[in-house]
Amino acid sequence: MKSTKSRSILSVIVLILPVFLNAQVQYSNYKTLIQRIDAMAKQYPDLCKASAIGKTEGGKDIMVLTIGTGERDNKPGIALAACTDGSYILGRELALGFAGSLLRDASSPEIKTLLEKVTFYIFPDVNPDATEQYFQNIRYERSTNARPVDEDRDFSTDEDPFEDINGDGVITLLRVSDSSGAYTESSEDKRIMVPADLSKGEKGTYSIYTEGIDNDKDGKFNEDGPGGISFNRNMTYNYEEFGANAGLHPVSEPESKAVMDFLFGHYNIYATLSFGPQDNLTQASRGGGDRGAQGQAQQAASQPGPGAGQTGRMGERRISSVMRSDETVIRLVGEKYREITGVKGSPQTKSDPGNFADWSYFHYGRYSFSTPAWWYPVERDKNAEAAFLKFAEENKLGDVFVPWTVIEHPDFPGKKTEVGGIKPFLMINPPTEKIEELVASNYKFITVVAAMHPELELIDVETENKGEKIYRLTLKVHNKGLFATCTEAGQNNIFTRLMRLSIETDKGLTILSGQKVQRIPRLEGNKTAEYSWLLMGKGNVTVTAGAVNTGFASSTIVLK
Amino acid sequence: MIIMKKSTLNILLSASFVLITFALKAQQDEFFFKAAGTPANLKVDVSWNRYYTYAGITDILKKLASAYPDLVTLESMGKSYQGKDIWVATISNKKAGNPDHKPGFWIDGNIHSIEIQGSEMALYTAWYLCEMFDENKFISELLNDKTFYIAPTINPDARDYFAHVGVPPRSGLMPMDNDRDGLFDEDGPDDMNKDKNISQMRRKSADGTLNPDPEDPRRMIRVEQGRKGEYEMIGSEGIDNDGDGQVNEDGIGGYDGNRDWGFNWEPNFVQSGAHKYPFSQPENQAIRDFVVKHSNITGAQSFHNSGGMILRGPSIQGGGAESYSRQDDVVINEIGRTGEKMIPGYKLLTIWKDMYTVYGGELDWWHGAMGCFVFSNELWNPYLMFYDTASTDQYEFDRLLLFEDSFIPWQKINHPVYGEVEIGGFSKMIGRLHPGFLLETDAHRNAAFCIYNAYQSPKLEVSNVSVRKIEGGLKEVSARVTNTRMLPTHSATNMRYKIDPPVYVSLEGGNVLAGMIITDKDRNLTREQEKNPGRMEISNLAGYQSVDLKWIVKGDARYTIRVESVKGGRCTVVAE
């Protein structure tokens with residue numbers, strides 16, 4: 001007994017060291033990602049399960065780590081999705097770092113209790129085809145998977161990729177001296193090119209292109225490179241039909257389908273957190289727009305017929321802004337985020353149509369939180385790139401800018417052409433020294449928020465003897481968590497579970513009044529619902545309340 | 001026991017098939033002669049006054065494919081939820097060109113499982129085209145120019161449930177937790193009298209409000225207010241299987257195959273019947289994959305029932321990402337109105353405006369995502385009972401023409417909850433479905449409408465070809481390309497989002513120095529195409545539209561003008 005224990009502790013130490021030391025050194029490529037996942041699953045077989053839930057278009061495994069104890073899929077779950085946009089590579093580190101920290105602390109009283117109540121489903125990278133571009137010979141920010149797509153609709157595919165003209169391994173910009181160009185040097189930092197503002201009397205002297213050649217000679221540069229479809233534009237909510245990198249239809253891609261099928265298959269998941277461009281933790285969430293039927297009313301609307309009235313009614317059931325009672329919880333979580341991580345300001349966020357974070361709330365009907373987790377300060381009305389250069393200098397980030405250097409370019413013979421600009425990834429991903437600290441603060445944040453999960457208990461259980469072996473049984477179902485049992489947005493969604501309240505009686509008992517099985521309506525945090533039954537006879541009565549997304553509460557009452 | 005090799009057996013079997021066919025033909029010549037518009041000398045004999053199971057449909061399709069190898073290719077697009085093949089028959093004269101290079105017309109049926117006769121309509125069309133190919137000039141020319149892709153049932157699981165078990169939901173048979181209690185399909189209707197029907201339940205009641213009609217006691221009529229009736233109706237056949245106080249609230253399946261398509265999709269709390277995301281259903285995935293590979297499809301028909309409607313999109317107000325353009329509207333309405341004439345009792349209606357809003361419907365996907373012209377016929381119309389819009393009494397029809405064959409007589413059973421009840425009413429074979437004797441008539445009319453649709457898909461021809469010597473030893477080659485049918489090569493949506501490439505007109509032979517479209521012949525105005533003038537691009541050829549082109553060429557004396565259009569077909573002309 002004793003020897004077994006000491007051996008296992010020893011092996012834990014031996015195995016932990018390479019995994020966790022490695023984590024803080026640099027960004028993990030796909031191979032390292034898989035190694036780290038496998039190591040965790042091997043090290044903690046009782047707590048952690050690693051599964052490949054599908055293959056990307058490019059043939060990589062889409063991984064999910066399930067961390068929890070007991071019947072993991074039968075208790076409230078949180079899904080953590082990283083790299084919803086492949087250029088936000090920090091997500092991989094935060095997700096793996098979170099998993100590692102959780103496992104490391106699993107025997108601490110706090111985390112042990114948490115894992116008894118909540119299961120974590122961690123997707124360290126939902127879009128590895130895209131993320132991996134960071135580790136390639138030509139480095140550029142990429143959001144798309146490996147599916148060949150004719151982005152510029154010229155009926156040839158992937159024919160105009162980037163070219164690393166100056167051979168420095170990164171894709172930056174081209175600037176071409178052009179007396180009628182649209183760009184000029186920024187007054188905040190001369191290295192930065194900005195559109196000339198005619199209203200300020202500025203005239204452009206440069207044209208700006210991405211670093212590459214116009215391979216298909218259509219006047220556009222690098223508009224049809226390798227890939228692909230962007231995971232973060234391929235969700236159903238606010239999906240942009242025929243949008244750039246949006247796919248043939250929502251959830252057209254193996255990555256999105258695998259993740260969706262997993263999430264829809266886990267009814268116990270009540271909240272998601274994604275690391276990506278969207279932020280609703282430091283700024284109020286927005287709906288991200290609505291392509292609305294009414295706004296589009298065109299000629300077809302000119303002569304409404306007998307069916308026309310129905311359109312409005314159905315359209316009204318759409319949800320395109322956060323609902324009030326959900327807002328309360330989201331705001332609370334945002335406050336916790338700012339308090340625990342100490343972040344200031346708010347990052348620049350993109351509201352991509354078809355993004356994951358909006359989908360998770362509006363269409364999946366779960367609490368959805370999202371953050372880029374790292375950003376640099378930009379003062380109001382200031383140029384973001386110039387601000388980044390200033391930030392880089394102050395924080396000694398080193399070589400973040402490729403100085404403008406004259407090159408020969410086949411598309412601009414006789415024109416002065418230079419390559420230069422801020423290196424890709426640096427504006428949206430922190431220097432590696434920051435990772436450890438970010439892992440720690442985000443881990444703390446997630447565990448604190450997870451402890452607010454919905455949780456049921458049966459309180460004020462009372463039996464009143466009405467005489468003649470007749471009893472009135474009364475009780476309250478109490479959600480003692482801070483989160484509601486289901487979001488307001490998700491309450492009419494067929495893919496969220498309704499809580500059931502059922503009563504089992506011994507043979508000697510009959511139910512005179514009250515239902516044997518019934519549904520419990522949505523309960524907000526710290527709210528109750530009261531139920532009663534009229535029973536006749538003697539014996540045990542067991543009342544069970546709950547659903548997989550809230551957990552179950554049960555109570556046995558003896559009538560004698 | 002004689003053991004034969006499988007191949008020998010096959011040879012013997014096919015030989016006997018040829019002999020039987022031969023004998024049948026001889027017998028047919030002796031006994032039958034042709035009625036106008038219907039094939040008489042059949043290679044595949046099919047009765048069109050009954051319904052076919054999935055096995056029956058498969059059998060007919062396989063017989064057609066083996067009897068008409070030059071016309072029919074049968075393939076499986078994929079598997080249903082239960083693993084049945086989803087068949088599509090490609091029908092075209094293969095000897096007159098690659099079927100996938102001709103304008104294609106798609107037909108599917110039975111997407112909704114209770115709307116079964118779409119399969120017979122689709123199957124009839126396939127059969128008719130094959131059997132008439134040798135007998136009718138119009139059909140043989142049609143199959144030289146066009147290709148039909150016919151998928152009689154795109155919901156085979158639920159079709160067989162309908163045929164062999166009972167009344168399925170609208171959907172396929174993927175389990176779904178409709179009452180959100182964690183149990184799947186645990187409380188469906190129960191066929192208590194085991195007649196493969198889910199009928200109505202009535203019982204005698206002190207609070208009754210219904211009495212049998214003295215004229216036809218099968219019919220229950222409501223008593224006037226304040227009077228006492230003998231019976232009450234208590235819903236459709238079933239019990240509360242899961243004990244939650246609700247009856248039949250979570251049966252098999254329970255979603256909607258026609259709310260699952262990847263255009264204007266909305267989730268289930270907006271659009272009931274929607275599943276997780278577009279193409280959640282394996283049957284629809286299979287069709288999507290097939291259709292995406294067959295961009296030559298120009299038009300489509302998806303058969304539903306009922307009500308006698310020729311439905312056109314859009315299915316939501318404004319059409320979502322892309323509304324219908326005025327040019328496309330005109331063509332669609334013209335075809336639809338011709339359909340009204342061809343199928344008496346059927347009316348051309350626009351889905352969102354005249355019926356209801358549908359998000360994620362198949363029609364919007366065809367039009368919006370694939371750039372096709374599409375209709376959905378809602379088959380069967382009470383008008384067909386007495387050819388009279390004012391007289392549509394189903395009881396009378398059943399009595400006078402079906403001899404009460406579609407009515408299940410009220411029958412007493414003991415219900416575990418409601419006590420003694422009577423089960424009865426019209427069977428699943430009436431109300432939405434054609435009775436046998438009207439099935440072939442309506443199948444023919446609907447098939448003819450599909451044929452008309454396909455006929456009107458673009459047909460491109462080259463004319464007015466001339467080769468003229470100009471200065472410097474160069475030549476000017478000019479030609480006119482005409483679309484001789486009603487539908488354009490590109491719908492407005494197709495052009496706007498560049499779903500298909502433009503019409504390419506290539507000049508082969510010599511060195512093409514310049515190429516241009518003549519925008520005004522009289523004033524000699526042209527629009528030059530600088531890039532790749534040897535392959536001129538025409539963004540669209542509308543119905544009956546002609547475009548004149550001109551090239552300046554050096555060398556050669558023999559030129560080939562090649563027209564290639566994804567949805568308009570191909571043609572080649574040689575000029576000297």
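Predicted model: local features only at pLDDT ≥ 70, side-chain atom pairs only at ≥ 80, totals over all residues.
How many bridges join strand β14 of chain A to strand β18 of chain A?

**Confidence along the chain.** Colour chain A by pLDDT. The mean value for the chain is 91, and 89% of its residues reach 70 or more. Now select residues 1-24 of chain A, where pLDDT stays under 50. In the model, this stretch has 14 contacts beyond four places in sequence. Select next residues 287-304 of chain A, where the pLDDT is also below 50. For residues 287-304, the model has 39 contacts beyond near neighbours in sequence.

**A helix.** Select helix α3 of chain A, residues 90-104. Is α3 of chain A mostly covered or mostly uncovered? Helix α3 of chain A is mostly covered, with 14 of its 15 residues buried.

**A sheet.** Select strands β13, β14, β18 and β16 of chain A, which form, in that order, an open sheet of four strands with antiparallel pairing. Strands β13 (456-467) and β16 (509-513) of chain A lie at the edges, and each pairs on one side only. From one strand to the next, the twist averages 30 degrees. Strands of a sheet pair through backbone hydrogen bonds, in either a parallel or an antiparallel manner.

**The opening question.** Finally, select residues 470-479 (β14) and 528-537 (β18) of chain A. Nine bridges join these two strands, which run antiparallel. Within this pair, display A:Thr474, which stands opposite A:Ser532 in β18 of chain A.

Methods
Residues numbered from 1 in each chain as written. Chains lettered and ligands numbered in written order. pLDDT = per-residue confidence, 0-100. Contact = placed C-beta atoms within 7 Å. Expected span 1.5 Å × (residues − 1). Buried ≥ 20, exposed ≤ 12 C-beta atoms within 10 Å, placed from the backbone. Pairing = 2+ DSSP bridges. Axes fitted to C-alpha atoms, helices over the stretch in contact; angles between N-to-C directions.
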